[in-house]
Amino acid sequence: MDVELLMNIMWTMLGAFLVFFMQAGFAMVETGFTRAKNSGNILMKNMMDLVIGSIFFFLIGFAFMFGSDNAVIGTKGFFNIEALADENGMFNSLPIGVFIFFHTVFCATSATIVSGAMAERTKFISYLLYSGAISIFIYPVTGHWIWGGGFLSQLGYHDFAGSCAVHMVGGVCAIVGAAILGPRRGKYRKDGKIKAIPGHNLPLGVLGVFILWFAWFGFNCGSTTAATTNLGDIAMTTNLAASASTLVTLIVTWVRYGKPDISMTCNGALAGLVAITAGADVVTDYEALIIGAIAGALVVFAIEFVDRILKIDDPVGAVGVHGVCGAFGGIMTGVFGEGCSFIVQLLGTLAVIAYVLVAAFIVFTIINKLVGLRVSEDEEIDGLDVMEHGCSAYANFNFHNDK
C-alpha cells in the first residue's frame with residue numbers, strides 16, 4: 001500500500017471518528033435545552049439514531065445512495081455493498097469499508113437533527129421507525145442526487161460536506177415531523193401568547209455546542225476524503241464562519257431582547273457551521289465571514305418565524321439552524337463559491353427541499369396512522385423518562401409537573 005493512500009485512509013477515518021462524536025454533541029445540546037424529565041428519552045433517541053442508521057444504511061441506504069450512476073436513485077448493492085467495490089476492494093479511491101463508514105456517520109447526523117425538534121412529546125417507537133425511514137430512502141436518495149452521481153451532481157451542484165445533503169434534509173424532516181406532531185402541552189395559549197419552556201441545563205447545552213464545533217472540523221475537513229494541502233483553508237473558513245455567526249447572533253439578541261441570549265447565541269454558532277459546510281472548500285476566508293455573519297442574523301429571525309408565525313414548536317431551534325441555514329449555505333455557495341453556478345445551487349436546493357417535504361410527510365403520516373406519533377397527555381405531563389423508559393435521568397430528584 002502506497003504512503004499517499006495510507007495517509008488518505010488515516011485522514012478519512014479520523015474525520016469519520018470526529019463526525020461520530022457529533023452524536024454526543026447533539027445529545028448534550030438537545031438534553032440541555034429541554035426539560036429534565038425528558039432527558040433520558042432524548043439521550044436514547046440520539047443513541048438509536050446512530051444504531052439504526054448504521055444498520056439500515058449498511059443494508060439498504062448505501063446502495064440507494066451509491067449503487068449506480070442512475071440520475072435519480074442507486075439500483076444495486078442492496079444487502080451486498082461489497083459488490084460495489086472493484087477487484088481491489090476499492091470504492092471512490094478508498095477501501096470500501098472506509099468509504100461506507102464515513103458516510104454512515106453522516107447519515108446518522110442527518111437523522112439525529114429531528115430529535116430536538118420533536119422532543120418531549122414523541123413516542124419512542126415512532127421515533128425509531130422514522131429513524132429507519134430516513135436512513136433507508138430519505139437521506140440516501142437526495143445524497144445520491146448530490147454525491148452519488150445523480151442529476152444534481154451531473155449539473156455541477158456543489159455541496160462539499162452537506163449543508164443541504166445532511167443538515168437541510170434533517171431540518172426539513174424536522175419541520176414536517178414537528179408540524180404533524182403538534183406543540184408541547186401549554187406552549188401556545190388560547191389568548192395567543194407563547195409560553196417559553198426553558199431548558200433545564202445550559203452548561204450541558206453549551207458543552208454540546210463546543211463538542212459539535214470541535215467535531216465539525218472532521219465533518220468539513222474530513223470531506224476531502226484525502227490528506228490534501230487545503231485542509232488548513234477548510235478549517236479556517238469553517239471556524240471563521242462559526243465565529244462570525246456567533247458574534248452576530250449575540251449582537252442581534254442583545255438589541256432585540258435587551259440582553260445577550262445564551263441559548264440563541266449557541267444556535268448562532270451552529271448556524272454558521274451549517275451555512276459554511278456546503279462551500280467551505282470554495283470560498284475565501286473573508287467570504288466565510290460574510291456567510292457566517294448573515295447566518296447569525298438569519299437564524300434568529302428563522303427561529304422566531306417558526307415559533308411565532310408558523311406556530312410550530314421546535315424546542316431546540318433545529319429547523320432554523322439546520323433547515324433554513326442549510327438551504328442558505330447551499331445557495332450562498334452559488335454566490336461566492338469559485339466555479340459554482342447560482343442557478344444550479346438555487347434550483348438544486350429547492351429540488352431537495354421538495355423531495356424531502358413529500359417523503360417526510362408520507363413517512364410521518366404513515367407512522368401516525370399505524371402507531372401514533374404522540375404520547376398521551378398524562379405521559380407528557382409526567383415525563384417521557386418515566387413513562388417510556390421506566391426510569392429518570394436524574395434519580396431521586398423531584399420535578400414539578402406542568403399541570
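Which residues form a nonpolar patch on the surface? They are Ile125, Leu129, Leu357, Val358, Phe361, Ile362, Ile366, Leu370 and Val371, and together they have about 810 Å² of accessible area. Areas here come from the Shrake-Rupley method with a 1.4 Å probe, and for residues only the protein chains shown count as cover. To join a patch, a residue needs over 30% relative accessible area and no salt bridge, with nonpolar side chains (Val, Leu, Ile, Met, Phe, Trp, Tyr) joined within 5 Å.

A word on the model: it is predicted, so to speak of local features takes pLDDT of at least 70 and side-chain atom pairs count only at pLDDT 80 or more, while totals for chains, interfaces and linings use all residues. Residues are numbered from 1 along each chain as its sequence is written, and side-chain values use heavy atoms, leaving out hydrogens and water.

Back to the patch: α4 (124-147) and α12 (342-370) are the elements giving two or more residues. The largest share, 6 residues, comes from α12, while Leu129 sits in α4. Helices are DSSP runs (H or I, at least four residues), numbered from the N terminus.

Next, helix α9 and its two partners. Axes are lines fitted to C-alpha atoms over the stretch in contact, with angles from 0 to 180 degrees between N-to-C directions.

| Pair | Angle | Axis distance |
|---|---|---|
| α9 (262-276) and α11 (318-336) | about 35° | 8 Å |
| α8 (231-257) and α9 | roughly 145° | within 7 Å |

With α11, the α9 residues in contact (heavy atoms within 4.5 Å) are Asn267, Leu270, Ala271, Val274 and Ala275. Across from them, α11 brings residues including His322, Cys325 and Phe328. On the α8 side, Thr237, Ser245 and Tyr257 are among the residues that meet α9, whose own contributions include Met264, Ala271 and Ile276.

Finally, the charges. The whole structure has 8 salt bridges, each a side-chain nitrogen of Lys or Arg within 4 Å of a carboxyl oxygen of Asp or Glu. One of them joins Glu120 and Arg184 (2.5 Å, N to O). Glu120 lies in the loop between α3 and α4 and Arg184 in the loop between α6 and α7, so the pair ties together parts 64 residues apart in sequence.

Note on methods: Patch = residues over 30% accessible without salt bridge, like charges linked within 9 Å, V, L, I, M, F, W, Y side chains within 5 Å.
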